[in-house]
Structure formats: structure tokens, C-alpha cells
Amino acid sequence: MTTALTIGAVPGQVRLLFPGVLACGVVAAASTFLSEHYGAPVMLFALLLGIAMNFLSGEGACKPGIEFAGRTLLRIGVALLGLRITVGQVVELGWQPVAIVVICVGATILLSMLAARLMGFQTLFGLLSGGATAICGASAAMALAAALPNHPLKERATLFTVVGVSALSTLAMIVYPMIAQAAGLDPRAAGTFLGATIHDVAQVVGAGYSMSQQTGDVATLVKLMRVAMLLPVIVFAVVLSRRQAGESGGPRPPLLPGFVIAFALLVAINSTGWLPSFVAKGGSDFSRWCLVAAIAGIGMKTQLKDLVTVGLKPVLLMIGETVFLVVLALALLHWLT
């Protein structure tokens, strides 16, 4: 009886969610078109267009679907990121790039958490911005936000992080190849540097292949290694959230959210080589669409004035994280290679 009622409720649920999901899908398509033609990050376009359409998130037909996109589609997109990575890709890098990535990610996040605390922010904001800088830009910010507990300021912090990391990533795509040339890095070292420091995957690819084919290949592999670091960092974020919730007496989030388990399983399945390439590519493309639609939905729920009120200190924090990551990566390249 319960099953029949549940199945019968599905069409009604679809009708309820369809207008808002459609609106997010239209923004995602428009953002992708603009990104492909003007070269700016697709996540940034999705966020800005979403904010421009925030009137849709008020009481009305689109509200449930927008909430669904900002929550459920986000988790689906993060889980499907596992289809971009295999264990073999990580092994191919050798131990030096892996060590550089692990040290850079860990040190950047820990420094960000400490700096955020010293600047008067919550530690979890430092984890959010540091994770976005150290791992994979806007996608990491969205994934970490999905794992962190609900908070009145969480969405504003997430949006600010997405805007900041997208802008810095675009700047890095232009500046970092010049830094690599000025430092006299060979193609492999330059690829390692670009892959270990530029925030978003698309900008890593653009910067790497602008230098050479070999640099682009190495940069992409190193970047995927950083994406793989998303799993342990999310687990760390959840453990930290549970501890803070326990201290405050609030409800604890689950130790391993379902989308994190799905991410790990998809990495394992993709690593076996049994998955047809068109399935992996299709899942990866669908992941990107889900993430773009999710950030559009979050943008629709946001007032632009909320971003204006964040002040100068969060901007300085993200710039400091970015500079620290560059300096650390160059130092480790000098010491380890």
C-alpha cells in the first residue's frame, strides 16, 4: 500500500519540481553558451545569471524546483565527479607530483582555517574557501558546502567563495604560464605547477595546452589528482562538523553522506576499466550540467546585496590562500624534483 502511494506520488512530485528545475536548466544552458563563446568560467556565468533571476525563488511555481536543484542536483553532480578519476591516473604521475598535491592541499586548507579563525570568521568558512582554492575551485566549494551543516550564512559564504575562486582562476590561467616560464620550468614541471595551483579544471586545461601538449597532459593529470583529494577533505569536513555539533548539542550530520560514498564507488568502478568510455564521458558531462544547474539555483536564492556586505577581509583571505599555494608549489617543485 505504501509503495503504491509512493509510486503514485511521483508524477505529482515531478510536476511540482519541473518549473524550477527547467529554469535552472535554461540558466545552465545559457551559461554554457556564454562560457564557450567568451572564455569566462561557466560557474561564474551561472551564478550571475541566477542572481539576476532571483525573483523566481519567491513564493511561486519555481521555488520547489530551485530548492531541489540547489540541494539534490548538487549532490548528484558531486557524486558523478568520480567518473573523471581513476587510480591508474594517480599512479602514472609518480610520487613527486602526488606528494606536491597532498602537501599543497593539506597545508592550504589548514592555513586557511587558522587564518579564518584569526580574522574572526568561523573555522568552517576557512575550510570552505581553502578547499575551493586547494582542490578544484567552484566544484569543491559546492561539494564542501553540501557536506557542511546548514547555517544561516552558509549560502552567502558559498556564493562568495564561488565568485572569488572563479575570478582568481581566470586570472591564474593568464598569469601562471608566465610565472612558469619566468621560473624556467621544463614542460613536465610546468604542467605539475599549473595542475597543482590553478583552481578550476577548465582553466588548468586552457593554461596547460597554451604552453605545450606535454604541459597540458601533465597539468590535467595533476589537476585530476587534486580532484581526487575531494573525498578525504569532505570526510574531514564532516568529522569536524560532527565534533562541533556535538560540542554545541546540535544534531550531527551523517559520518559519510551518501553522495561521498557514491563518489568513492564511482572512482573504484571507473578504475577497473570495465566502464565503457562513452558511459564515463556521459556521466562526467551530466555531472557538469548538474553542478552548473545547482549553482544557478543557489544564485536564484541569493540577493546581490548579501554578497556586497561580506567586506574586505574574506577577499584578502582568498587572495592570501592563492598566493600561499603558488609559493608552496614552486618551493616543493624545487625541493622534490
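**Basis.** I number residues from 1 along each chain as its sequence is written, and side-chain values use heavy atoms, with hydrogens and water left out. The model is predicted, and local features need pLDDT of at least 70, side-chain atom pairs count only at pLDDT 80 or more, and totals for chains, interfaces and linings use all residues.

**Confidence.** I looked up pLDDT, the predictor's confidence in each residue, from 0 to 100. The protein averages 82, and 88% of the residues score at least 70. Over residues 1–8 the value is below 50. I noted zero contacts (heavy atoms within 4.5 Å) for this stretch beyond near neighbours in sequence.

**Salt bridge.** I searched for side-chain nitrogens of Lys or Arg within 4 Å of a carboxyl oxygen of Asp or Glu. The structure holds one such salt bridge. Lys281 and Asp285 form it, with their closest N and O atoms 3.0 Å apart. Both lie in helix H14 (residues 277–300); they are four residues apart and therefore separated by about one helical turn.

**H5 and H16.** I took helices as DSSP runs (H or I, at least four residues), numbered from the N terminus. Axes are lines fitted to C-alpha atoms over the stretch in contact, and angles run from 0 to 180 degrees between N-to-C directions. H5 (residues 95–118) packs on H16 (residues 313–336) at about 150°, with the axes 9 Å apart. The pair is therefore roughly antiparallel (angles over 145 degrees). I recorded the contact as including Trp95, Ile103 and Leu111 of H5 and Phe324, Leu328 and Leu336 of H16. Its residues divide into 17 nonpolar (Ala, Val, Leu, Ile, Met, Phe, Trp, Tyr, Cys and Pro), three polar and one charged (Asp, Glu, Lys and Arg; the others, Gly among them, are polar).

**H3 and H13.** The axes of H3 (residues 63–80) and H13 (residues 258–272) come within 7 Å and cross at roughly 25°. Arg75, Val78, Ala79 and Leu80 of H3 meet Phe259, Ala262, Phe263 and Leu266 of H13. I counted seven nonpolar, no polar and one charged residue in this contact.

Terms used
Helices (H or I, at least four residues) and strands (E, at least two) are DSSP runs, numbered from the N terminus. Angles under 35 degrees count as roughly parallel, over 145 as roughly antiparallel, 65 to 115 as roughly perpendicular and the rest as oblique.
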